[in-house]
Amino acid sequence: KRMNEREIEQREEALMRSSGICPVCNKPIVSGQYAHKIGNREIYRKKYGSWIIDHTLNGEYVCSLSCNNSVDVGSSYGNHLDVIADILIAEFVKMWSAEGLAKLTDKLLEKYKQMGVQV
């Protein structure tokens, strides 16, 4: 299967983030591979949507299959939420710079208040 433009972009961004060093084992990446944190599986695409699964922060460029397996956060919903939170934070910052974090914080606090949660 040929990679589409978004898949190529994911891999390029992940490789740039790593500076050519595997984020798992710290070895130089010679012929690496792209590893999804939340697996690229139909069940997760249905649950979270392609925007999350295909987001560049849902993956790392790694040096080997064993390091690829180490990047996968598994099926834990809590681990998935942690990855999704990183993606949302990055997107808020991209959209509104540092003010984006304040917007996201305000939004979360408002939602907590609506749910009756004391913060």
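1. The crossing of helices α5 and α6 is right-handed, where a crossing counts as right-handed if the near helix is turned clockwise from the far one by less than a right angle, and as left-handed if anticlockwise. The model is a predicted one, in which local features need pLDDT of at least 70 and side-chain atom pairs count only at pLDDT 80 or more, while totals for chains, interfaces and linings use all residues. Residues are numbered from 1 along each chain as its sequence is written, and side-chain values use heavy atoms, with hydrogens and water left out.

2. Along the sequence the elements follow the pattern α-β-α-α-β-α-α-α, and the C-alpha trace spans about 50 × 30 × 30 Å along its principal axes. Of the 119 residues in the protein, 29% are buried, where buried means under 20% relative accessible area, exposed over 50% and partly exposed in between, with a 1.4 Å probe and protein chains only. Among contacts between residues at least 6 apart in sequence, 63% join residues at least 24 apart, a contact being heavy atoms within 4.5 Å.

3. Two packed helices are described by the angle between their axes and the distance between the axes. For helix α5 (residues 77-96) and helix α6 (residues 99-114), the angle is about 125° and the axes lie 7 Å apart. That angle makes α5 oblique to α6, since angles under 35 degrees count as roughly parallel, over 145 as roughly antiparallel, 65 to 115 as roughly perpendicular and the rest as oblique. The axes are lines fitted to C-alpha atoms, for helices over the stretch in contact, and the angles run from 0 to 180 degrees between N-to-C directions.

4. The residues that meet between these two helices can be listed on each side. From α5 come Ile-89, Phe-92, Val-93 and Trp-96, and from α6 come Glu-99, Gly-100, Leu-101, Lys-103, Leu-104 and Lys-107. By class, this contact of α5 with α6 has 6 nonpolar, 1 polar and 3 charged residues, with Ala, Val, Leu, Ile, Met, Phe, Trp, Tyr, Cys and Pro taken as nonpolar, Asp, Glu, Lys and Arg as charged, and the others, Gly among them, as polar.

5. The lengths of both helices can be set against an expected span, which is 1.5 Å times one less than the number of residues. The 20 residues of α5 should span 28 Å, and its end C-alpha atoms are 28 Å apart, which agrees. The 16 residues of α6 should span 22 Å, and the end C-alpha atoms of that helix are 23 Å apart, which also agrees. α6 is followed by Gly-116, whose phi is positive, near 80°.

6. Helix α5 also holds several buried residues, namely His-80, Val-83, Ile-84, Ile-87, Glu-91 and Phe-92. These buried residues pack against α2 (42-48), α3 (50-53) and α6.

7. His-80, in helix α5, is buried with a relative accessible area of 1%. Leaving aside neighbours within four places in sequence, His-80 is in contact with Ile-38, Tyr-44, Tyr-48, Val-73, Gly-74 and Ser-75. Not counting residues up to four places away in sequence, Tyr-44 touches Ile-38, Gly-39, Gly-49, Ile-53, Gly-74, Ser-75 and His-80. Tyr-44 and Arg-6, by comparison, are 38 residues apart in sequence and 18 Å apart in space, C-alpha to C-alpha.

8. Ser-19 has a phi near 55°, a positive value in a residue other than glycine, and lies in the loop between α1 (5-18) and β1 (33-36), where Ser-19 is exposed with a relative accessible area of 60%. Ser-97 likewise has a positive phi near 55° in a residue other than glycine, and is placed in the loop between α5 and α6.

9. Ser-18, in helix α1, is buried with a relative accessible area of 11%. Apart from residues up to four places away in sequence, Ser-18 touches Pro-23, Ile-29 and Tyr-61. The C-alpha atoms of Ser-18 and Tyr-34, which are 16 residues apart along the chain, are separated by 12 Å.

Conventions. Helix = DSSP H or I, 4+ residues; strand = E, 2+ residues; numbered from the N terminus.
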